[in-house]
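Work through the exercises below with the model open. Try each task before reading its solution.

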Amino acid sequence: MLVTASTVKDTLPRLERFVARNLAGGVDHLLVFLDADDPEVQGWLDAHPHVTCVRTDATWWRGDRPAMLNVRQRINANVAKALLSRLPWATWVFHVDADEVVQVDRDRLAALPDEVCAVRLSTLEAVSRPRWDGEVTHFKRQLPHDDLVLLHTLGLVDRPQPGAYFHGHTDGKVGMRPAVEPWLALHQVVDAARERQETFEADWLRVLHYESVDGEEFVRKWTAILEAGPQVSLRPGREPTAVALRALLAKGLSAEQARPWLMRIFERTTQDDFEALRDLGLLEEHDPMTWGLAPREVPGDGLARLRDGLAALAEAPKRVFEPGPGADADAVRAAVEAAVPAAGDTGDAGSRSRLPWRR
């Protein structure tokens with residue numbers, strides 16, 4: 001079964017779309033680490049049969065909440081994949097954000113040989129338009145150099161480079177068979193020293209990225225990024241946009257006063273020429289809600305064991321789950337073995353009917 005792990009801070013309508021799109025596209029269960037105190041969002045996630053919500057408050061971080069969003073994302077993703085390694089029903093875990101949708105062929109994924117332990121999802125990025133009337137349906141694929149030169153010559157991109165064409169990441173996302181090692185990073189599978197590990201790639205492994213799909217989303221996303229914490233990691237091509245936005249927000253303007261300037265930044269840095277890209281044949285149409293897949297039910301007591309394990313890990317230090325100097329595979333292994341005893345073991349698995357941080 002396919003599981004996603006995500007650290008999110010978003011509105012309820014956006015998270016409803018995120019969950020629905022991924023379930024319709026082939027994901028079976030979503031692990032959502034809620035990075036905000038939002039009772040409405042948490043209540044909806046808690047009630048969904050194919051979602052497990054973890055409220056990452058002071059109880060979760062044990063007084064050691066990382067200031068950087070990227071660090072929190074890595075830690076939570078590795079908590080998920082290590083814990084899922086104790087649950088045989090979870091065969092793949094993908095680390096995605098709340099504006100991403102996994103697009104894979106489940107049958108081909110299941111048929112991969114055991115030695116393939118990690119896969120890479122190539123990125124399809126939604127076209128950025130002033131507004132969409134209805135569902136977002138058109139996506140940019142990654143282009144060969146000749147097409148990028150064509151777009152540059154036509155004045156549609158600043159440079160004939162992938163980073164000038166895509167406004168978000170170009171590295172894609174990754175998934176792996178749940179295990180204590182290796183480790184999940186934002187866009188890579190890595191070892192404890194953060195050295196990149198080999199991943200399998202194919203044209204049926206992709207992620208839809210709803211990156212700044214319109215002006216409203218651009219304003220919302222960048223405001224959230226700038227408020228997420230110090231030293232947010234941004235690729236070099238996006239730094240000028242971030243600097244300009246920080247400078248604008250520092251002017252102390254009201255939301256009404258700032259809006260036209262924010263929209264001008266969107267128009268100058270992010271808005272795509274939809275008609276030109278479409279007429280040149282460079283776009284693909286995708287709507288996850290039309291794929292017709294349905295999530296599979298977690299068998300037996302698998303879901304209860306997952307949630308009991310998360311409840312137990314709420315009491316564990318989290319820094320050992322991040323790849324890098326603090327990584328400790330032995331500590332991780334001991335923690336998840338204690339949190340989820342093997343099937344048939346005696347212990348208190350199943351005795352916690354509710355996650356302790358749930359209200």
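**Exercise 1.** Which exposed residues does the face of α10 turned away from its buried side carry?

*Solution.* This is a predicted model, where local features need pLDDT of at least 70, side-chain atom pairs count only at pLDDT 80 or more, and totals for chains, interfaces and linings use all residues. Residues are numbered from 1 along each chain as its sequence is written, and side-chain values use heavy atoms, with hydrogens and water left out.

Step 1. Locate the helix: α10 covers residues 255-269. Helices (H or I, at least four residues) and strands (E, at least two) are DSSP runs, numbered from the N terminus.

Step 2. Check its span. The 15 residues of α10 reach 20 Å from first to last C-alpha, close to the 21 Å expected at 1.5 Å a residue. The expected span is 1.5 Å times one less than the number of residues.

Step 3. Find the buried side. Ala258, Leu262, Met263, Ile265 and Phe266 of α10 are buried. They sit on the same side of α10 because they cover an arc of only 155° around the axis. That arc is taken from the directions from the helix axis to the C-beta atoms. Buried means under 20% relative accessible area, exposed over 50%, partly exposed in between (1.4 Å probe, protein chains only).

Step 4. Turn to the opposite face. Glu256 and Arg268 are the exposed residues there.

**Exercise 2.** How far apart are the closest N and O atoms of glutamate 284 and arginine 141?

*Solution.* Step 1. The closest N and O atoms of this salt bridge are 4.0 Å apart.

Step 1. Glutamate 284 belongs to strand β12 (residues 283-285) and arginine 141 to the loop between β7 (138-140) and α6 (145-153), so the pair ties together parts 143 residues apart in sequence.

Step 2. Glutamate 284 counts as buried at 18% relative accessibility. Arginine 141, at 26%, counts as partly exposed.

Technical notes
A salt bridge is a side-chain nitrogen of Lys or Arg within 4 Å of a carboxyl oxygen of Asp or Glu.
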